[in-house]
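Please look at the model shown here before reading on. The text below walks through some of its contacts, pair by pair.

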2 protein chains.
Amino acid sequence: MKKILPLIPLLFLTACSTQNLRGTGDMGLIIERAIGQVQLVEHSGNTSLATIKGLGDLSHASIVYSRDERYGYVFGRDGGLTKIDILEQKIVKRVMQSGNSIGGAISQDGKLIAVSNYKPGGVKIFNSDSLELVADIPAIYAEGKQSKTVGLIDAPGQIFAFGLYDAGEIWVVDMKDIKSPVITKFKDVGSLPYDGLVTPDGRYYIAGLFGEDGLAMLDLWHLEKGVTRIMNHYGKGKTKLPVYKMPHLEGWAKAGDKILLPAVGQHEVLVMDQNWKQVKAIPVHGQPIFVMSRPDHKQMWVNFAHPRNDTIQVIDTETLKIIKTLKPGKAVLHMEFSPRGEHVWMSVRDENRVDVVDTETFEVVKSLKADKPSGIFFTNRAHKIGL
Amino acid sequence: MKKILPLIPLLFLTACSTQNLRGTGDMGLIIERAIGQVQLVEHSGNTSLATIKGLGDLSHASIVYSRDERYGYVFGRDGGLTKIDILEQKIVKRVMQSGNSIGGAISQDGKLIAVSNYKPGGVKIFNSDSLELVADIPAIYAEGKQSKTVGLIDAPGQIFAFGLYDAGEIWVVDMKDIKSPVITKFKDVGSLPYDGLVTPDGRYYIAGLFGEDGLAMLDLWHLEKGVTRIMNHYGKGKTKLPVYKMPHLEGWAKAGDKILLPAVGQHEVLVMDQNWKQVKAIPVHGQPIFVMSRPDHKQMWVNFAHPRNDTIQVIDTETLKIIKTLKPGKAVLHMEFSPRGEHVWMSVRDENRVDVVDTETFEVVKSLKADKPSGIFFTNRAHKIGL
């Protein structure tokens with residue numbers, strides 16, 4: 001017996017290979033939207049590590065990461081919530097939590113995953129470990145009326161905030177006591193809030209309005225002040241062009257005392273000051289979708305709506321001038337910077353390619369094959385408020 | 001022979017257990033300065049995982065992390081540079097690279113480690129993988145004169161910047177071509193630069209002066225503008241108290257349009273506006289050492305110099321008032337926030353304890369034993385410019 005015992009620990013090692021033993025700070029997942037899979041990558045050597053299949057409908061899918069940067073939570077369009085282990089390169093758990101969903105968030109402490117649902121309209125909150133339901137918050141805003149929810153974000157203090165598209169409301173959910181969520185409801189914030197963002201410090205929640213001009217803003221440090229309106233001309237007011245795609249509000253970026261944001265329907269990037277007043281409009285190649293800051297805020301990278309989505313433009317934040325126009329190829333849908341900003345990855349959907357671009361020389365340093373790639377999500381998002 | 005072969009892969013697995021297979025985004029190292037070891041911790045469950053011994057003199061030691069968050073590089077006072085694998089919980093490599101050193105930095109791309117040396121005065125730059133010497137930059141500023149180097153930081157574009165204490169100079173090293181470092185030297189920046197910091201966007205390098213009042217500032221986006229002087233009364237000008245310890249310049253914090261920094265020798269935290277002008281002085285418990293922003297910038301946490309170092313004060317950034325005074329115990333040397341700010345860890349050196357404190361309730365949620373703990377360094381620093 002004594003001679004056999006030392007062998008037993010070796011048997012338990014079969015699930016762990018030295019290939020899998022690695023730090024997770026430089027990893028990421030790319031949505032391959034058409035075939036319901038994600039590609040696992042790493043950005044130290046800019047290589048593909050694996051593909052993980054079986055994630056359902058991934059159009060408009062997004063991902064958040066666990067605080068240890070081991071697990072990715074994929075929010076699919078079909079209501080699927082999938083937990084992926086990026087070390088074991090496999091699905092840990094998958095639940096169909098609604099019929100139609102649109103994005104999610106992870107709580108400040110990493111213990112809760114919230115999902116924004118269209119059908120049935122509301123937000124469901126899950127235990128991030130087990131994916132068991134912790135709280136179900138149907139967005140019932142009047143007798144027999146239930147709204148789609150949109151623009152779900154997390155903020156410090158175990159807060160989730162989201163908009164009710166059909167109701168014109170913003171709800172803030174405090175999950176400090178998971179058994180008794182405290183919901184604060186803001187009514188009449190404006191017509192058809194269609195997306196939302198939180199500033200990088202987690203303080204201001206801002207909702208875009210599809211039904212009217214302007215933006216609805218809520219100071220999460222001072223809920224008692226209620227919702228105020230900013231940028232009253234933002235939106236449809238000036239629109240002369242058809243709006244091909246509403247811009248992503250998370251594509252806002254701050255550089256020093258300037259905030260840059262995509263105009264709706266116009267070929268312009270707008271510049272706001274710290275009082276949320278527009279001070280400039282920068283003419284650009286098309287209708288901007290994402291306006292993304294390089295991590296050092298020296299450059300803003302902009303992509304565009306169809307039919308002008310083969311182009312990327314780079315704005316210098318000091319001069320507010322375009323310093324580079326790139327033509328990566330058809331349908332550049334998303335960008336993600338390496339954490340310290342030396343590279344940016346971009347999905348070129350219709351060319352089945354992801355390019356890694358040097359942000360100083362603008363040269364393509366690497367191209368990876370990918371099947372109709374859309375969103376790119378690196379694990380360092382785990383450490384960022386609101387992402 | 002064929003029957004023996006399948007056993008060989010198993011032998012290679014002995015270094016890898018399922019215990020070690022984990023994400024690295026929630027890990028950290030704590031300096032146990034007196035006995036030359038570090039304690040490995042994780043902040044999801046707030047537990048200690050291991051201790052790693054044999055690191056030499058760790059007084060004033062600091063740590064940076066590889067971009068994959070697997071390796072910590074420990075800069076010891078005795079010139080030792082030690083690379084630690086936090087997954088395998090062991091020293092990978094250790095080199096004695098000088099006789100006396102003071103801190104280091106990692107390049108934007110993660111491939112270079114720079115160390116600031118007192119003896120012999122200069123900066124050495126190593127390959128982060130192998131710890132082989134890549135560049136040796138002796139700080140020779142005049143015939144036969146070599147200076148201590150201080151305040152070494154990294155910035156975007158493979159930049160390192162540091163001060164020459166004895167020379168009153170700031171040098172900026174561009175390591176884009178590792179075979180040909182480009183060094184730009186700024187002379188007569190002020191007397192005895194003793195420490196330096198870079199703003200979180202990597203743009204402004206600021207050196208404190210021991211020999212005179214004021215601070216030397218360099219805009220790394222515009223080296224052609226040269227060094228300018230800010231805060232002309234900062235330093236010894238008003239000092240009536242003996243200076244027990246010079247504040248750490250990396251203990252600067254920005255909240256909205258305000259910058260808070262520790263006064264030298266005074267029981268004050270100073271508030272600057274965005275033009276680097278002092279607008280207020282907040283009376284505090286003692287001579288401040290670190291003024292650290294909670295990640296959402298809603299609070300600043302301050303520790304103090306001996307003999308008042310048993311206290312922590314918390315400043316609300318909206319009102320600039322002290323909202324809490326804590327008495328953790330003797331010699332609170334350092335603090336580190338969890339990435340999204342719900343907790344702060346603090347070293348209580350003379351009580352051999354590290355406390356984990358809830359930043360909303362101010363309650364101690366966990367205490368860990370540690371041998372004379374000083375610096376606490378979490379792996380999410382890997383993703384931050386200048387850290």
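Glu342(B) and Arg67(A) are both buried. The two residues form a salt bridge in this predicted model, with the closest N and O atoms 2.5 Å apart. Glu342(B) sits in the loop between β30 (332-337) and β31 of chain B, while Arg67(A) sits in the loop between β4 (62-65) and β5 (71-75) of chain A, so the pair joins two chains. Side chains of opposite charge can pair when their charged atoms come close.

A second bridge involves the loop between β30 and β31 of chain B as well. Asp154(A) forms a salt bridge with Arg340(B), and here the closest N and O atoms are 2.8 Å apart. This pair also crosses between chains, running from strand β14 (residues 149-155) of chain A, where Asp154(A) lies, to the loop that holds Arg340(B). Asp154(A) and Arg340(B) are both buried. A further salt bridge links Glu318(A) with Arg203(B), at 3.1 Å between the closest N and O atoms.

How many salt bridges does the rule find across the interface of chain B and chain A? The count is 6. By class, the side of chain B that touches chain A has 14 nonpolar, 20 polar and 19 charged residues. Between the two chains, 31 residue pairs are in polar contact, counting residues at pLDDT 80 or more.

The contact as a whole takes 53 residues from chain B and 52 residues from chain A. About 4400 Å² of area is buried between chain B and chain A, and carbon and sulfur atoms give 56% of that area. Which three residues supply more than any other three of the area that chain B buries against chain A? They are Leu21(B), Arg67(B) and Arg340(B), which together supply 21%. Arg340(B) is the residue described above in its salt bridge with Asp154(A).

Over all chains, the structure holds 36 salt bridges. One of them is within chain B: Asp78(B) pairs with Arg94(B), the closest N and O atoms being 3.7 Å apart. This pair links distant parts of the chain, since Asp78(B) is in the loop between β5 (71-75) and β6 (80-85) of chain B and Arg94(B) is in strand β7 (residues 90-96), 16 residues apart. Arg94(B) has a relative accessible area of 29%, so it counts as partly exposed. In chain A, salt bridges link Arg70(A), Asp85(A) and Glu88(A) in a network.

The next residue to look at is a lysine in chain B. Lys124(B) lies in strand β10 (residues 122-127) of that chain. Is Lys124(B) buried or exposed? Its relative accessible area is 19%, and because buried means under 20%, Lys124(B) counts as buried. Leaving aside neighbours within four places in sequence, Lys124(B) is in contact with Gln97(B), Ile113(B), Ala114(B), Val115(B), Asn117(B), Leu133(B), Ala135(B) and Asp136(B). With Gln97(B), the side chain of Lys124(B) reaches the backbone oxygen at 2.7 Å. As for Gly54(B), it is 70 residues from Lys124(B) in sequence and 22 Å away in space, C-alpha to C-alpha.

Aromatic rings make another set of pairs. The count by the rule comes to 12 aromatic pairs over all chains. One of them is made by Trp301(A) and Phe362(A), a tilted pair with 5.9 Å from centre to centre and 40 degrees between the planes. Trp301(A) lies in strand β27 (residues 299-304) of chain A and Phe362(A) in the loop between β32 (353-358) and β33 (364-369), so the pair ties together parts that are 61 residues apart in sequence. Both Trp301(A) and Phe362(A) are buried.

In chain B, Trp345(B) and Phe378(B) form an edge-to-face pair, 5.2 Å from centre to centre with 90 degrees between the planes. Trp345(B) is in strand β31 (residues 343-348) and Phe378(B) in strand β34 (residues 373-378), and the pair links these distant parts of the chain, 33 residues apart. Trp345(B) counts as buried because its relative accessibility is 0%. Phe378(B), also at 0% relative accessibility, counts as buried too.

Back in chain A, Trp301(A) and Phe362(A) belong to one aromatic cluster together with Phe337(A).

Notes:
Residues are numbered from 1 along each chain as its sequence is written. Chains are lettered from A and ligands numbered from 1 in the order in which they are written. Side-chain values use heavy atoms; hydrogens and water are left out. Contact means heavy atoms within 4.5 Å. Buried area is the accessible area (1.4 Å probe) that two parts lose on being put together, summed over both. A salt bridge is a side-chain nitrogen of Lys or Arg within 4 Å of a carboxyl oxygen of Asp or Glu. A polar contact is a pair of N or O atoms within 3.5 Å; within protein, one must be able to donate a hydrogen and the other to accept it, and residues adjacent in sequence count only if both atoms are side-chain atoms. Ala, Val, Leu, Ile, Met, Phe, Trp, Tyr, Cys and Pro count as nonpolar, Asp, Glu, Lys and Arg as charged, and the others, Gly among them, as polar. Helices (H or I, at least four residues) and strands (E, at least two) are DSSP runs, numbered from the N terminus. Buried means under 20% relative accessible area, exposed over 50%, partly exposed in between (1.4 Å probe, protein chains only). Rings of Phe, Tyr and Trp (its six-membered ring) pair if their centres lie within 6.5 Å; planes under 30 degrees apart count as stacked, over 60 as edge-to-face and the rest as tilted.
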